[in-house]
Amino acid sequence: MVFPTCGVCSQAIVVELTDANVVSKVEFIGGCQGNTQGVAALAAGMRAEEVISRLEGINCGRKGTSCPDQLAKALRQALAQQA
């Protein structure tokens, strides 16, 4: 699934989940390469719900969101599409 981001430097997030809701792939398109690669590497292999609980609500400056928060939104959408 490709999730278009809003309010952050990255333009989109590519997310793939296994049938057991485990994150198998996260790829940020654009954004701060080191940070987004780090977040993606940490999320890989975790259950989507756990990633959401850890990242949801993180802010970048005064944006009201962040790349990690946008990943949480992407994962929520991916879970909804699997249901």
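A pocket is an open set of grid points with protein on both sides within 12 Å along at least five of seven lines, and its lining residues have an atom within 4 Å of a point. The structure shown in these views is a predicted model.

**View 1. Lining of the largest pocket.** The residues Val8, Cys9, Cys32, Asn35, Thr36, Val39, Cys60, Lys63, Ser66, Cys67 and Pro68 line the largest pocket. Two or more of these lining residues are given by helix H1 (33–43) and by helix H3 (67–82). H1 supplies the largest share of the lining, three residues. By class, seven lining residues are nonpolar, three are polar and one is charged. The space in the largest pocket amounts to about 170 Å³.

**View 2. The hairpin of strands S2 and S3.** Strand S2 (residues 10–17) pairs with S3 in the antiparallel sense over seven bridges. Ala12 has Ile29 in S3 as its bridge partner. Five residues lie between the two strands of this hairpin, and Asn21 in the turn has a positive phi of about 65°.

View 3. Lys25 is found in strand S3 (residues 23–30). When residues up to four places away in sequence are not counted, Lys25 touches Val14, Val15 and Glu16. The C-alpha atoms of Lys25 and Ala40 are 7.6 Å apart in space, with the two residues 15 apart in sequence. A salt bridge joins Lys25 to Glu27, where the closest N and O atoms are 3.7 Å apart. Lys25 has a relative accessible area of 31% and is therefore partly exposed; Glu27, at 36%, is partly exposed.

**View 4. Salt bridge between Glu56 and Arg76.** The side chains of Glu56 and Arg76 meet in a salt bridge with an N to O distance of 2.8 Å. This pair links distant parts of the chain, 20 residues apart: Glu56 lies in the loop between helix H2 (48–55) and H3, and Arg76 lies in helix H3. Glu56 is partly exposed, with a relative accessible area of 40%, and Arg76 counts as partly exposed at 45% relative accessibility.

View 5. Asp69 and Lys73 form a salt bridge whose closest N and O atoms are 3.6 Å apart. Because these residues are four residues apart in helix H3, about one helical turn separates Asp69 from Lys73. Asp69 is buried, with a relative accessible area of 4%, whereas Lys73 is partly exposed, at 39%. A search of the whole structure finds five salt bridges.

Terms used: Residues numbered from 1 in each chain as written. Predicted model: local features only at pLDDT ≥ 70, side-chain atom pairs only at ≥ 80, totals over all residues. Heavy atoms only, no water. 1 Å grid on protein atoms, 1.4 Å probe; cavity = no way out; pocket = protein on both sides within 12 Å on 5 of 7 lines; lining within 4 Å. Points joined across faces, edges and corners; volume = space filled by probe spheres on them. Nonpolar A, V, L, I, M, F, W, Y, C, P; charged D, E, K, R; others polar. Contact = heavy atoms within 4.5 Å. Pairing = 2+ DSSP bridges. Salt bridge = Lys/Arg side-chain N within 4 Å of Asp/Glu carboxyl O. Buried < 20%, exposed > 50% of the residue type's maximum accessible area, 1.4 Å probe, protein only.
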